[in-house]
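User: Got a structure to go through with you. Can we start with the charged pairs?

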Amino acid sequence: FPMAATDPQVLALAAQITESREQDIPLLLLKLKGILSSPSLECEASNKIKQDIYDYGLTQYCLLVLKRDHSQLRGAWATAAQLAEILSHCCVGLEVKEDPEEFYKKFLPSAIDSLLVLGKRLQARFIRAIKDKEKQDFLHWFQTVTDAICWLFGGHTQLAACVLQNDRFLQLLITDDVETAIIMMSVLHNILRINSSVLLQVEEETLHSVLDEIVYKLSSTTNPAVGSAATKLLLLVAKFCKQLVQLLTARYTGLKGLLSKQWTGRGFDRELNQLLDLLYLEQSNGKGEMQKQHQAACIIQAAWRGFQTRKRLKKLPQAVITLQRSFRAKREQELQHLTKQKEDEALKLQMQLQRQRAMRLFHERQLALLESCDWIFVTFVGQVNKYMEEMEEKSALTIQRFWRGYRARRIFHQQKQSLKEYKAAIIIQRAACKFLEKRRRRRPLSPWKEPKGLTDEQRLALQQKVDDYIKLHPASQMSEETSKELHIQAQAKLAQFLLRSRLDQRAAQRREALLAQVNTDVELLMNAPGLAETTEKDLGAFMSRSIPVATKARQTHNTMLKYTRWPWWKKLGDEFMEDDVIPDDAINTELETLFIGGRK
């Protein structure tokens, strides 16, 4: 950083950009516009601020941002256009004393190239835009970028030839769009006005390409604005250099007839007549008829080549769009696959590094222990082995704790919703049971009512019906023994029915009791305190006097002890499971079959 006095605004902005993220830098650079456009600045102060901006690298930041993908900037094309304007204003009036060759021969041409690339992209999006609002925005940004180019080579005249020789400038000029074509011809007009001899400094191929495009625009369009701009350009070329007038008359023989027949009376007759006078004056000193025919053939060939080129260019965008779409889709798939592959590789590498780090720490501790206990190794070899087993067990427990914590958190997040639903069901069931119990207690017992007796008339009517039925359906004769046997069978079936109904009632009562006990045990387990908060009173709720339950608990405890004595690498996951390993699912199954807090 420079040691001289620096503008505080520039210094603060440079510090802010240094500490900011990359995506926030373009919006911060827009603050340079307010610094440069301050009304209180004089000429010397403005140049001093531009020098500070260049010395602190803010101008280079603007150029680097313009070289990026403009669609990914915050503010997109509007930000890019404003940065182009800021870059041109920062460079005009700046005199670099330290390493001027870097500034004039590398930085300024690179800035011109970046601005032309930005203009080409804005022109393409303006042509492809459908909505009027989008077209107006892109045209305004394109005008801003071209004004920045004109301002830049206006302050540094040596850049006029650099602009004209750039291939992208010719690509911008060769367009069938009226608005952008007029803007680019105005840029060419500014180049010739600033440096009139620039056309003689460029290569002959570039000069012919520019003149061919101007003449083609005169011959292929009927728009007065395009014709006026092209005519003024040719007039400016003819006024500044006599050699170019000879080139126009020799290369484009039919130009005079085209101008006089097609463009007379279109609103720019004064410039048109001046151009025709210069061409006719040069023609009076022209060459023979063969050269005229040769030049006429050249202009016809130029027009035909231009027509063929534009015909191909009109068909090119659709094919390019299809190719770009397929290429972007394929590239997106490849990027996604590559990203996924990188993530998998990173995860594997991280796991491998963790394992290697754990093994390295273990071996380092083992080596340190062996070095410190070398002189008593024979005496205390049993203690060393015990210590190493404890260290292995602690390491394994640490790894298991982290792994089980991760797995438990994952399972908890997966079962969180079902757990809420289960708790809600328990609360609803508890409330319903309480409500039914209260209603059952409040229901009064109905007093016993004796059946009403029959009157004499009802008895006579009923007796009459029985007699009529007996007359219609006479009973078969049955012996007394058969009647007793049937009576005994009926009594036995009735006893069986009553016994079965009593057993069913007891089974239903047992089911309700077991269901209530299960609900109580579940609620007890859900509301159980943590191990750190457990007291001796809380242990009684989880103990059982049942011998089968105690036996099952002892077996499960032995299984867990055997599981904890395994080496740490057997407990990392399924990929390390062996034939004699008991999986976690088996342990969980054994724990789930254990009935806690009640009796079997």
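User: How many salt bridges does a search of the whole structure find?
Analyst: Twelve. Keep in mind that this is a predicted model.

User: What about arginine 251, which partner does it have in a salt bridge?
Analyst: Aspartate 212. The closest N and O atoms are 3.2 Å apart. Arginine 251 sits in helix H15 (residues 242-251) and aspartate 212 in helix H13 (residues 204-220), so this pair ties together parts 39 residues apart in sequence.

User: Which residue does glutamate 271 form a salt bridge with?
Analyst: Arginine 270, with the closest N and O atoms 3.3 Å apart. Glutamate 271 has 16% relative accessibility, so it counts as buried. Arginine 270 is at 58%, so it counts as exposed.

User: Switching to the core. Which residues touch the most other members of the largest nonpolar one?
Analyst: Leu32, Leu58, Leu152, Phe169 and Leu259, out of 99 residues. Helix H7 (residues 100-128) supplies the largest share of this core, ten residues.

User: What does leucine 152 touch?
Analyst: Leaving out residues up to four places away in sequence, its contacts include Ser88, Cys91, Val92, Leu108 and Ala111. Ile112, Leu115 and Leu159 are also among them.

User: Where does asparagine 166 lie?
Analyst: In the loop between helix H9 (159-165) and helix H10 (167-173).

User: Why does asparagine 166 count as buried?
Analyst: Its relative accessibility is 13%, and buried means under 20%. The asparagine 166 side chain makes a polar contact of 3.3 Å with that of aspartate 113. Beyond four places in sequence, asparagine 166 touches Asp113 and Leu116.

User: Last one, the surface. Which residues form a nonpolar patch there?
Analyst: Leu454, Leu462, Val466 and Ile470, with about 340 Å² of accessible area together. Leucine 454 is in the loop between helix H19 (381-442) and helix H20 (456-472). Leucine 454 is partly exposed, at 44% relative accessible area.

How values were computed
Residues are numbered from 1 along each chain as its sequence is written. This is a predicted model: local features need pLDDT of at least 70, side-chain atom pairs count only at pLDDT 80 or more; totals for chains, interfaces and linings use all residues. Side-chain values use heavy atoms; hydrogens and water are left out. Patches are made of residues with over 30% relative accessible area and no salt bridge: like charges are joined within 9 Å, nonpolar side chains (Val, Leu, Ile, Met, Phe, Trp, Tyr) within 5 Å. Accessible areas come from the Shrake-Rupley method with a 1.4 Å probe; for residues, only the protein chains shown count as cover. A salt bridge is a side-chain nitrogen of Lys or Arg within 4 Å of a carboxyl oxygen of Asp or Glu. Helices (H or I, at least four residues) and strands (E, at least two) are DSSP runs, numbered from the N terminus. Buried means under 20% relative accessible area, exposed over 50%, partly exposed in between (1.4 Å probe, protein chains only). A nonpolar core is a set of buried Ala, Val, Leu, Ile, Met, Phe, Trp, Tyr and Cys residues joined through side-chain atoms within 4.5 Å. Contact means heavy atoms within 4.5 Å. A polar contact is a pair of N or O atoms within 3.5 Å; within protein, one must be able to donate a hydrogen and the other to accept it, and residues adjacent in sequence count only if both atoms are side-chain atoms.
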